[in-house]
Amino acid sequence: MAVRARRLAAERTQHPGRCADTEQFVGQATGVERHRQVPDDAPLTLEDVRDITKRTIGNDLGMHDPRWLSRFHSDERQVPRYRQGRVFLAGDAAHVHSPAGGMGMNTGLQDAANLGRKPAAVVHGWAGDALLDSYHAERHPVGRMVLRVSHALLTAVTTGSPLIRTLRAALATVVHQSTVVEARASRGISGIGITYPAPRGSHPLAGRRVPDLRLAGELARLYEALREGRFVLVGCDVAVVAAPWAGRVVTASPATSLRPTLLVRPDGYAAWAAEDPDPDEVRTALTRWLGAVDRRAA
């Protein structure tokens, strides 16, 4: 059984004859009882919440006048396919899990960011059906990973095993003492550290999330350029080469001596990168990712 009790707003009470106001407790209490499972619609009272709180920490904190009481359970499910014909599933429609780790919102947003451009490209005739299938290929493994991590975190928090509790405390200490481990864990939980498969022989940056690069010109940062919802080609003297793809790609020059030329997807990931590519290499990459154009215009 899992229960929640929440106060939604602070209450300040005036007491006659006193110099100061008193501010009452505001917060949320969540409890889990592994050995007492009841239906989600079973009645829940404040006494139930007080009881589980006392047994957990030895005190009910004087809680009273709850605004909201409810039971909940943690589902862990994922659909087998994110695409079925013309139907695409994203966010909570594709995967549900416990709130442990706080990964659900970012995962759903990244599902949408990954998917958004793909149906549009097919509708415009710039890509074929394989691009639609790439949504499942890229995002389904991410959803599976999130379910596993969320399950592990929830198990670690709610376990009654003294051994696992000891290991949990030791691991938390290691993570907080190592900036490298802590940074890697943060990137994984936030979703920033997720990478997508790239073809064999690709540049090491391909499939990785691109940081917010400084750009020269009116658009001072990469993430500002990405707001248009198009690919962004970052490199020196790339505007002329990319001109036939106007409307599909934004071109920009780096503000620093950035060596690789980068083609950044609308979701912020590097589609392609190359060190000092010639114009034909750039055209090949643009054709692959943005579709064919009139070669006479190129």
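Colleague: What share of the contacts in the protein chain with a separation of 6 or more comes from residues 24 or more positions apart?

Modeller: That's 57%, where contact means heavy atoms within 4.5 Å. Bear in mind that this is a predicted model, where local features need pLDDT of at least 70, side-chain atom pairs count only at pLDDT 80 or more, and totals for chains, interfaces and linings use all residues. Residues are numbered from 1 along each chain as its sequence is written, and side-chain values use heavy atoms, with hydrogens and water left out.

Colleague: OK, and how many helices and strands does the chain have?

Modeller: There are 8 helices and 14 strands. Both are DSSP runs numbered from the N terminus, helices being H or I with at least four residues and strands E with at least two.

Colleague: Which strands make up the open sheet?

Modeller: Five of them, in the order S10-S12-S11-S13-S14, with mixed pairing; two strands pair if DSSP finds at least two bridges between them. S10 (215-216) and S14 (270-275) are the edge strands, each pairing on one side only.

Colleague: What packs on that sheet?

Modeller: Helix H8 (residues 279-290) does, touching S11, S12 (249-254), S13 and S14. The direction of H8 makes about 170 degrees with that of S14; axes are lines fitted to C-alpha atoms, for helices over the stretch in contact, and angles run from 0 to 180 degrees between N-to-C directions.

Colleague: Switching to Arg117: is it buried or exposed?

Modeller: Buried, yet without a salt bridge. Buried means under 20% relative accessible area, exposed over 50%, partly exposed in between (1.4 Å probe, protein chains only). A salt bridge needs a side-chain nitrogen of Lys or Arg within 4 Å of a carboxyl oxygen of Asp or Glu. The nearest side chain of opposite charge, Asp267, is 5.4 Å away; for charge, Lys and Arg count as positive, Asp and Glu as negative, and His and the chain ends are not counted.

Colleague: So what does Arg117 touch?

Modeller: Leaving aside neighbours within four places in sequence, Arg117 contacts Leu131, Phe231, Arg265, Pro266 and Trp289. Arg117 itself lies in helix H2 (residues 104-123).

Colleague: Last one: what's the phi of Asp276, and where is that residue found?

Modeller: Asp276 has a positive phi of about 50 degrees although it is not a glycine, and is found in the loop between S14 and H8. Most residues other than glycine have a negative phi. Asp276 also counts as exposed, at 57% relative accessibility.
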